[in-house]
Amino acid sequence: MIVVIGSFRFPPSIVGVLRPAMEAMVTASRAEEGCIEYTYALDVLDDGLVRVLEKWRDKAALEAHLRTVHIAEWRAQCSALAISERELTGYQAADEGFHF
């Protein structure tokens, strides 16, 4: 499994415009083959910060995701909406983890 975590920033004044774009991106990504989890979360203490969590079956599923039309559209919207400080890191998960 591949886990991607990170965050990005946006001007807090555009949350009304950004929310539908994020919803479209999450919905389309969750429908992809190999997507286990795909989540954007607005930080409750830091206006304008979005936390990102993605889980993919394998590297091939993530690579296919990066070639989709909706990711190209999302990237174009990010540029137009002044999204900044985008930082995403992928990790190869060695196992299914543990619960506590």
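This is a predicted model: local features need pLDDT of at least 70, side-chain atom pairs count only at pLDDT 80 or more; totals for chains, interfaces and linings use all residues.
Arg9 has Leu49 of E3 as its bridge partner. Strands here are DSSP runs of E with at least two residues, helices are runs of H or I with at least four residues, and both are numbered from the N terminus. E1 and E3 pair in the antiparallel sense over 8 bridges; two strands count as paired if DSSP finds at least two bridges between them.

Before I go on, the numbering and the model. Residues are numbered from 1 along each chain as its sequence is written.

Axes are lines fitted to C-alpha atoms, for helices over the stretch in contact, and angles run from 0 to 180 degrees between N-to-C directions.

Going through the other pairs: strand E1 (residues 2-9) is joined to E4 by 7 bridges, antiparallel, and Val4 has Gly90 of E4 as its bridge partner. E2 and E3 are also antiparallel, with 7 bridges between them. There, Cys35 is partnered by Trp56 of E3, and Leu42 stands opposite Val50 in E3. The hairpin of E2 and E3 has 6 residues between the strands, and in it Gly48 takes a positive phi near 90 degrees.

Arg9 comes up again in a salt bridge. Its side chain meets that of Glu85 at 3.2 Å, N to O; the cut-off is a side-chain nitrogen of Lys or Arg within 4 Å of a carboxyl oxygen of Asp or Glu. Arg9 is in strand E1 and Glu85 in strand E4, 76 residues apart, so to speak distant parts of the chain. Contact means heavy atoms within 4.5 Å. The axes of helix H1 (residues 15-30) and helix H3 (residues 69-80) come within 10 Å and cross at roughly 160 degrees. H1 and H3 are therefore roughly antiparallel, the term for angles over 145 degrees, with under 35 as roughly parallel, 65 to 115 as roughly perpendicular and the rest as oblique. On the H1 side the contact is made by Leu18, Ala21, Met22, Met25, Ala28 and Ser29, and on the H3 side by His70, Ile71, Trp74 and Gln77.

Key
Side-chain values use heavy atoms; hydrogens and water are left out.
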